[in-house]
Amino acid sequence: LHAEWGRSDFDMRHAFAGSVIWTPRFTHWAARDWQISSTWQIYSGLPFTPRVATSNVSGVVFRPDRIGAGTVSSPNANMWYNVQDFPIVPAGAYRFGNSGRNILSGPGTTQINLSVSKRFRFGGTRALQIRADAFNLPNIVNLGLPENNVDLPTAGAIRSEKGMRTMQIGLRFEF
């Protein structure tokens, strides 16, 4: 049980969230009722646990030994952590390995969203709003977690990414 002591699966050490809404004050009817808003989320990477994919005991997940920090000087999608720091426990050793739970961190995420909308009023409380939204506006590549099974050929590599830029247009009738 001592090896299970560690960070939770959703532990983000650093997180920032911000938003801004700007409603310009124009007097001309064509320029009135515009709104621009933006949100930002920037956070550090989620933790993950080095593991061994192949085991000779059904249903048991083994961990490798840890002989180093596991970090690399310039992590990238092809090598996020040093796989050589996590050797596989020999088959006849009859132990799980000394690598702990969630000891490494994956890549962080930066998400910047923008929304522009225009409201057309139709007397009383009725209005029509046209809206354009862009999620991940600068199209930042946010990588997923790396392959954590140290005995696979893709160990340490990141082969997934979070959502790329997405745009949508909406129309809303208020009454």
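Relative accessible area is used here to class residues as buried (under 20%), exposed (over 50%) or partly exposed (in between), with a 1.4 Å probe and protein chains only. The structure is a predicted model, in which local features need a pLDDT of at least 70 and side-chain atom pairs count only at pLDDT 80 or more, whereas totals for chains, interfaces and linings use all residues. Residues are numbered from 1 along each chain as its sequence is written, and side-chain values use heavy atoms, with hydrogens and water left out.

The predictor's confidence in each residue, expressed as pLDDT on a scale from 0 to 100, averages 91 over the protein, and 96% of the residues score at least 70. Among the elements of the protein, the lowest mean pLDDT, 95, belongs to strand β5 (residues 109-121), and the highest, 97, to strand β6 (residues 127-135). Secondary structure was assigned from DSSP runs, with helices (H or I) requiring at least four residues and strands (E) at least two, and with numbering from the N terminus. On this basis the protein contains zero helices and seven strands, which follow one another along the sequence in the pattern β-β-β-β-β-β-β. The radius of gyration is 24 Å, well over the 16 Å that the globule rule gives for 175 residues, so the protein is more spread out than a compact globule; this radius is taken over C-alpha atoms, and the rule is 2.2 Å times the number of residues to the power 0.38. Along the principal axes, the C-alpha atoms fill a box of roughly 80 × 35 × 25 Å.

Of the 175 residues, 30% count as buried. The mean positions of the 18 positive and 11 negative charges lie 12 Å apart.

Several residues of the loop between β6 and β7 were examined individually. Asn136, found in this loop, has a phi near 60 degrees, a positive value in a residue other than glycine, and is buried at 0% relative accessibility. Asn139, which lies in the loop between β6 and β7 as well, also has a phi near 60 degrees, but Asn139 is partly exposed at 30% relative accessibility. Pro138, likewise placed in the loop between β6 and β7, is partly exposed at 43% relative accessibility. When residues up to four places away in sequence are not counted, Pro138 touches Ile112 and Arg165; the C-alpha atoms of Pro138 and Asn76, 62 residues apart in sequence, are separated by 20 Å in space. Ile140 is found in the loop between β6 and β7 (166-174) and is partly exposed, with a relative accessible area of 28%. Leaving aside neighbours within four places in sequence, Ile140 is in contact with Thr110 and Ile112, whereas Ile140 and Arg95, 45 residues apart in sequence, stand 42 Å apart from C-alpha to C-alpha.

Two further residues were examined, one in another loop and one in a strand. Arg63, in the loop between β3 (47-48) and β4 (104-105), is buried, with a relative accessible area of 8%. Beyond residues up to four places away in sequence, Arg63 touches a set of residues including Ala3, Glu4, Pro50, Val89, Phe96 and Arg101, and its C-alpha atom lies 8.9 Å from that of Ala53, 10 residues apart in sequence. Gln129, found in strand β6, is buried at 8% relative accessibility. With residues up to four places away in sequence not counted, Gln129 touches Ser117, Lys118, Arg119, Gly170, Leu171, Arg172 and Glu174; by contrast, Gln129 and Lys162 are 33 residues apart in sequence and 30 Å apart in space, C-alpha to C-alpha.

Definitions and conventions. Lys and Arg count as positive and Asp and Glu as negative; His and the chain ends are not counted. The place of a charge is taken as NZ of Lys, CZ of Arg, CG of Asp or CD of Glu. Contact means heavy atoms within 4.5 Å.
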